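Notebook open, structure loaded. I jotted these entries as I went from one spot to the next.

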Amino acid sequence: MRWEILSFKQPIRDLLLTTYSRPIQAMKFYTVLLLLLGSLIAVPAATTINATNQYAYGANLGWADWRGDTNSGAVIGDYVCSGYIYAANVGWINLGNGSPANSVRYQNLSGTDFGVNQDGMGNLSGYAYGANIGWINFESTGAPKVNLATGNLSGYAWSANCGWISLSNAVARVRTDTLYPGLVDLNGLPLPWQVENFGGRGVDANADPDGDGATNLQEYLAGTNPNDANDYLRITFYHRSGTYNTMAWTTQPTRFYEVQRRTTLDNASTWSVYFTFTSLGAGNIGFDDFGNQNYYRVRAIKPLSP
Ligand SMILES: [Ca+2]
Ligand SMILES: [Ca+2]
């Protein structure tokens, strides 16, 4: 039996990790690794908040509608939040203008560069502002957070004037349907991701500066570091015993993974989804395969993509 890890639409050199040979096996077994390219353009949404899960609550504030008037409601992003929450008792609350001065996250050091940040793991921090109630602090004690798998918000924000504001409770919660990636260039790379990883715009999506065989766009989609040659999506283990196969791959805690399968590598055979994991960061699978020849690949899925 022989199996290989191949790249798709990439030089084989860098991803051809291991080839095993065993004597006299009827079945040939190949594994193939691929990152699928996602959509290229993200248009700023009027709000990302779910239409039936939109209310936070504060005892001294009452209900706060994160969809606002829906045209300028809250936008929860990969890097920053923006838009407005509306509470009947205190009026509009501003989560930030969506354009942090450093193009990545608000610094919250001045009244012109304030807002609520998302740290990439779902944790929310920073300041929102309401003209009638002043600053609202998203900080560690209240542990405000967006669940990257479900979009559900949890924890509390603190207002000196209104006390704790609950983002989820027994009867209502705030949920975001998507995470806004920021302005996305035609090459598919969001502006804040480019600045965070390369210090500026104009990054070549097809380049591979760390030489690990994954392009910058593939690294973005897989949530890996485009400047770390040891960090890229790859199948790391495969073993077959009888008809039972076990396989493992590198993971990120911010990604879902999907195993796909097809019977040949030519275009007459289409990839079909073999198994999709519903928990973030799942990195291995065991399964029976009775076929004569199958090819497998692992896809990283960025959750809550617009
Ligand atoms: Ca790379
Ligand atoms: Ca890398």
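I started by asking why Val75 counts as buried. Val75 has 24 C-beta neighbours inside 10 Å, so it counts as buried. The cut-offs I used, with C-beta atoms placed from the backbone: buried is 20 or more other C-beta atoms within 10 Å of a residue's own, exposed is 12 or fewer, and partly exposed is in between.

Before going on, I noted that this is a predicted model, where local features need pLDDT of at least 70, side-chain atom pairs count only at pLDDT 80 or more, and totals for chains, interfaces and linings use all residues. For bookkeeping, residues are numbered from 1 along each chain as its sequence is written, while chains are lettered from A and ligands numbered from 1 in the order in which they are written.

Back to Val75: I found it in the loop between β6 (62-65) and β7 (82-87). I also checked Thr48, which is 27 residues away from Val75 along the chain, and their C-alpha atoms are separated by 5.0 Å.

Next I looked at the whole protein chain. Buried residues come to 39% of the 306 residues. I then took contacts (C-beta atoms, placed from the backbone, within 7 Å). Of those between residues at least 6 apart in sequence, 53% join residues at least 24 apart.

Then I followed the strand pairing around β14 (residues 156-159), taking two strands as paired if DSSP finds at least two bridges between them. Strand β11 (residues 134-138) runs antiparallel to β14, with two bridges; Ile136 has Ser159 of β14 as its bridge partner.

Which strand does a hairpin join to β14? It is β15, through three residues. Four bridges link β14 and β15 (residues 163-166), again antiparallel, and Ala157 is partnered with Ile165 in β15.

Last, I checked β5 (residues 49-58), which is antiparallel to β15 with two bridges. Here Tyr57 has Ser166 of β15 as its bridge partner.

Notes: Two residues are in contact if their C-beta atoms, placed from the backbone, lie within 7 Å.
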